[in-house]
Amino acid sequence: MSVDRTGLPFEEPVKRGPGRPKKGAPKRPCHVVKRQCYCACLTLHDERGRALATQRFAALPGDGDELVEDARACLNQLVEQYPKARVVGICDGAVEMQRRVLEVAADHELEAQVVDAWHAVSYVSQAFGALGYNESSRREMVRRVLENKTGIKEVLIRLRTAQLKSSVEEVERAVTFLQNNKERMDYVRAREQGLPIGSGCVEASCKCVVAVRFKRSGARWKAEGAEALLHIRSWLTSDQGVAPPILDAFLDTYVMPIAA
């Protein structure tokens with residue numbers, strides 16, 4: 001399971017000033033602001049960690065609790081259908097996203113909670129690039145993070161040593177990220193057990209559910225229309241190859257209430 005956030009353009013009314021409006025002024029003045037809405041997904045993987053099918057969810061800003069309840073109901077159905085399945089939580093390094101993943105899986109024991117490997121790779125590569133490492137050396141540092149059991153520790157030592165010599169913003173960010181998430185970055189063990197290490201499924205959910213439909217040129221939304229369309233888009237972009245009980249749960253708990 002994965003949880004993430006993405007921006008959604010919202011229309012907010014602007015209060016008119018005193019006096020009669022100017023000729024040609026809009027009848028309902030407004031401005032557009034970006035709010036962070038939630039996306040989540042439940043993805044079935046095979047024993048090698050390859051994605052087979054994905055059920056997607058999305059919720060308006062401030063409706064994170066509702067999204068958690070919907071995803072948890074479907075996860076319970078999923079585990080009931082596949083009792084031997086191992087539950088893994090994947091997200092970026094944000095504390096709130098990690099908390100949401102734990103809330104979705106509150107009824108189950110997590111096999112692992114993993115920080116998205118590609119976020120980690122990005123921080124490490126940028127930090128060593130800022131220190132003047134060439135491409136080959138940066139790839140070696142990335143390889144250690146993904147394939148060496150002591151790789152995170154080694155990379156942290158190198159970056160902390162660099163911190164003592166000079167203050168580089170990219171290095172500071174990388175050290176903070178690795179230090180805060182190192183317990184959730186055992187990629188070697190995850191790969192050995194055939195567990196996924198990337199949050200690409202939820203990144204794809206942010207794109208196909210929200211970005212493709214809601215971020216068109218000049219688009220802006222109100223809560224009523226956005227909420228209904230988020231649920232419909234989640235249904236339309238989800239894979240239909242999962243077991244019927246999970247589809248039933250998805251329809252009963254997520255799609256039908258908003259349609260009604």
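## The second largest cavity

By class, four nonpolar, one polar and three charged residues line the second largest cavity. Here Ala, Val, Leu, Ile, Met, Phe, Trp, Tyr, Cys and Pro count as nonpolar, Asp, Glu, Lys and Arg as charged, and the others, Gly among them, as polar. The lining consists of Ala-58, Ala-59, Leu-60, Asp-63, Glu-66, Glu-227, Leu-230 and His-231. Its largest share, three residues, comes from α9. Both β3 (51–59) and α9 (223–237) supply at least two residues of this lining.

The second largest cavity holds about 30 Å³ of space. A search of the whole structure finds two cavities of 30 Å³ or more. The search uses a 1 Å grid over the protein atoms alone: a cavity is a set of points where a 1.4 Å probe fits but cannot get out, while a pocket is an open set with protein on both sides within 12 Å along at least five of seven lines. Lining residues have an atom within 4 Å of a point. Grid points are joined across faces, edges and corners, and a volume is the space filled by probe spheres set on the points.

## The model and its numbering

This is a predicted model, in which local features need pLDDT of at least 70, side-chain atom pairs count only at pLDDT 80 or more, and totals for chains, interfaces and linings use all residues. Residues are numbered from 1 along each chain as its sequence is written, and side-chain values use heavy atoms, with hydrogens and water left out.

## The whole protein

The protein has 10 helices and five strands. These are DSSP runs, numbered from the N terminus: helices are H or I with at least four residues, strands E with at least two. Along the principal axes, the C-alpha atoms fill a box of roughly 65 × 50 × 25 Å.

Of the 260 residues, 43% are buried. Buried means under 20% relative accessible area, exposed over 50%, and partly exposed in between (1.4 Å probe, protein chains only). Take contacts (heavy atoms within 4.5 Å) between residues at least 6 apart in sequence: 68% join residues at least 24 apart.

## The largest pocket

The largest pocket has a volume of about 470 Å³. Its lining has 25 residues, and Thr-43, Leu-44, His-45, Ala-85 and Arg-86 lie nearest its centre. The lining has 15 nonpolar, six polar and four charged residues.

Which strand supplies the largest share of this lining? It is β2, with five residues. At least two residues each come from β2 (30–45), α1 (64–81) and β4 (88–91).

## Cys-37, a buried residue

Cys-37 sits in strand β2. Its relative accessible area is 0%, so Cys-37 is buried. Leaving aside neighbours within four places in sequence, Cys-37 is in contact with Asp-4, Arg-5, Thr-6, Leu-8, Ala-59, Leu-60, Pro-61 and Val-210. Cys-37 and Asp-4 are 33 residues apart in sequence, and their C-alpha atoms are 8.6 Å apart in space.

## Asp-107, a partly exposed residue

Asp-107 lies in the loop between α2 (95–104) and β5 (112–115). Asp-107 is partly exposed because its relative accessible area is 47%. Not counting residues up to four places away in sequence, Asp-107 touches Arg-72 and Asn-76.

The side chains of Asp-107 and Asn-76 make a polar contact (3.1 Å). A polar contact is a pair of N or O atoms within 3.5 Å; within protein, one must be able to donate a hydrogen and the other to accept it, and residues adjacent in sequence count only if both atoms are side-chain atoms. Asp-107 and Ala-73 are 34 residues apart in sequence and 9.8 Å apart in space, C-alpha to C-alpha.
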